[in-house]
Amino acid sequence: MNVKEKYSVLMILEGTYPFNGGGVSTWADMLCNKIKNVDYTLYSINANLELTPKYKLSKNVNEVIQVPLWSPLEPQELINYGSPYFEFAERKENDNELQILEVFLPIFERFITSIYTETRNRDDFDMTFFEMWQFFQKNDYKKTMKSSIIWNSFCHIVTEVIENENDEDVSLYDLTVGMRWLYRFLIPLSIDIPKVDISHLTISGFPVIPALILKYKYGTPIIATEHGVFIRERLLAINSSEYSFFLKKFLIKLSECVTELVYHKADLILSVNKFNIIWEKLYGANPKNIEVIYNGIDHELFKPVPKPEHLIGIPTVVAAARIFELKDIITMIKSCAIVKMEIPNIKYLVYGDNNAVPEYTLECETLIHDLGLKNNFILAGFHDKPNLIFSEGDISILTSISEGFPYTILESMSCGIPVVATDVGGVSEALDANCGFICKPKDYVDIGNKVIELLKNDVLRTQMGINSRKKILDNFTIEKFISEYENAYESVLAPKRIEIETPEVFELETHQEAS
């Protein structure tokens with residue numbers, strides 16, 4: 001293939017672009033708009049069917065394939081994925097109980113057993129995905145995964161594991177939730193996708209399935225861009241959840257298996273920072289396959305402009321953040337209370353989706369009320385001109401407990417606004433002592449004190465703003481970002497490796513025909 005010609009990329013996303021905002025969506029929108037020699041197909045995994053994109057799609061986007069994982073109806077009952085509907089209906093009419101028992105059950109048992117195996121073999125785990133995918137080419141997904149044969153097998157295997165490891169007892173509810181997770185996570189195995197030249201994965205988790213399918217069918221190379229490390233954020237979320245011991249352990253082990261598989265199958269792992277590489281190596285990524293491409297910013301769009309008139313004279317801290325746990329808005333609110341003791345008319349303006357996790361938003365609103373910050377801390381909701389957010393503040397703030405390489409830091413710096421941020425992900429690779437302050441996560445007292453210091457020291461704040469803008473121009477322009485991704489795409493379009501082992505494929509197909 002002549003890599004100078006236009007080629008096709010399947011960009012695989014989960015809960016982000018083009019239907020939801022956030023850093024990954026900003027990153028994806030830049031690639032889709034700025035890389036001119038690529039035809040993108042977006043594979044968008046969402047909880048439910050989304051009707052309206054939040055972004056105006058580039059002419060480089062040919063198609064959006066949406067997969068609603070948690071809809072009451074199956075995705076194929078809501079969306080046409082290119083195959084005639086009669087084929088889908090025909091699979092449902094087939095009585096495939098014998099196929100489930102003789103063909104799928106052994107595959108499924110190996111799959112569940114490998115989740116709990118301490119010394120799992122990644123090639124074997126990969127093969128179970130391959131064999132499951134082949135099975136669902138001819139057999140109905142819903143009938144198979146909801147059959148009593150598979151349910152009984154799942155219960156037997158996990159119960160036996162629990163007894164052998166002397167873990168806590170498992171309830172019927174736990175088993176039901178665990179099986180429900182598997183059913184939903186594996187749905188993409190039943191969905192066919194068009195042939196492309198490259199699969200570009202934006203999270204190292206279950207969204208790898210369509211990339212695996214393309215690799216099985218065509219040897220399509222996989223690029224995985226690691227933003228926030230999937231497995232790290234999954235561990236944080238699971239450990240802080242109220243799930244039972246069984247469900248926590250099951251979800252952790254399942255997530256670890258899938259993350260290892262992503263790193264094992266990816267031809268190229270692109271990290272948005274150096275911090276992520278520690279986790280990637282920990283879960284088996286080959287260091288030779290890892291490169292760092294920092295996010296870039298449109299410095300001509302995000303540029304210094306005067307503070308709006310209605311905020312002049314009001315000490316203002318701005319943030320661009322969805323309201324959910326990883327952004328740790330609770331710590332941000334507590335820091336505001338610290339600042340208010342020194343600067344009574346302080347105002348925090350937080351722009352971002354208030355509806356991402358409604359119960360967390362309610363927790364934030366309750367804390368704002370309890371701390372008497374109603375007039376100081378504003379959950380301002382969506383802002384339709386993100387390039388103007390940071391000019392409203394004297395400084396900006398980020399209090400996340402996990403990040404990749406956050407655009408909010410780059411955007412603020414590009415606007416000449418210094419930042420107070422937590423030391424997570426690649427924050428310290430963008431923000432240094434000349435451009436702002438870095439604090440420990442959750443340390444709201446130190447965060448608040450750093451905000452006070454910057455707001456009270458005009459000279460320091462002004463100089464940090466100048467330094468911030470210069471650092472963006474020197475290191476994080478959109479031109480550099482796009483050029484590096486163009487090179488990355490071209491680097492994997494070398495002769496493709498064939499991933500399917502012919503003897504094993506023949507053996508499986510023979511087995512199915514014999515059954």
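**Notebook: a walk through a predicted model**

I started at L282, which I found in helix α12 (residues 275–282). Is L282 buried or exposed? At a relative accessibility of 61%, L282 counts as exposed (exposed is over 50% relative accessible area, buried under 20%, partly exposed in between, with a 1.4 Å probe and protein chains only).

Residues are numbered from 1 along each chain as its sequence is written, and side-chain values use heavy atoms, leaving out hydrogens and water. Helices (H or I, at least four residues) and strands (E, at least two) are DSSP runs, numbered from the N terminus.

**The sheet**

Next I traced the sheet. In what order do its strands come? Seven strands form an open sheet, β3-β2-β1-β4-β5-β6-β7, and the pairing is parallel (two strands pair if DSSP finds at least two bridges between them). At the edges stand β3 (61–68) and β7 (290–292), each with a single partner strand, so one side of each has no neighbour in the sheet. From one strand to the next, the twist averages 20 degrees. I reminded myself that strands of a sheet pair through backbone hydrogen bonds, either parallel or antiparallel.

Strand β1 (residues 7–14) runs parallel to β2, and eight bridges join them. On its other pairing, β1 meets strand β4 (residues 198–201) in the parallel sense over four bridges. M11 is a handy landmark: its bridge partner in β2 is L42, and in β4 M11 stands opposite H200. E14 stands opposite I45 in β2.

How covered are these strands? In β1, seven of its eight residues are buried. Strand β2 (residues 38–46) has eight of its nine residues buried. Helix α9 (residues 208–218) lies across β1, β2, β4 and β5 (222–226), and runs at about 150 degrees to β1 (axes are lines fitted to C-alpha atoms, for helices over the stretch in contact, and angles run from 0 to 180 degrees between N-to-C directions).

**Two helices side by side**

I also looked at helix α8 (residues 172–185) and helix α11 (residues 245–265), which pack at about 25 degrees with axes 9 Å apart. They are therefore roughly parallel to each other (angles under 35 degrees count as such). The contact (heavy atoms within 4.5 Å) involves residues of α8 including W181 and F185, and residues of α11 including F246 and F250. The residues of this contact divide into 10 nonpolar, one polar and one charged.

Most residues other than glycine have a negative phi, and most peptide bonds are trans.

- The peptide bond from Y17 to P18 is cis, with omega near 0 degrees; P18 lies in the loop between β1 and α1 (23–34).
- D328 has a positive phi, near 45 degrees, and is found in the loop between β8 (316–320) and α13 (329–342). D328 is buried, at a relative accessible area of 3%.
- K442 has a positive phi too, near 75 degrees, in the loop between β13 (436–439) and α17 (444–456).

How values were computed: This is a predicted model: local features need pLDDT of at least 70, side-chain atom pairs count only at pLDDT 80 or more; totals for chains, interfaces and linings use all residues. Angles under 35 degrees count as roughly parallel, over 145 as roughly antiparallel, 65 to 115 as roughly perpendicular and the rest as oblique. Ala, Val, Leu, Ile, Met, Phe, Trp, Tyr, Cys and Pro count as nonpolar, Asp, Glu, Lys and Arg as charged, and the others, Gly among them, as polar.
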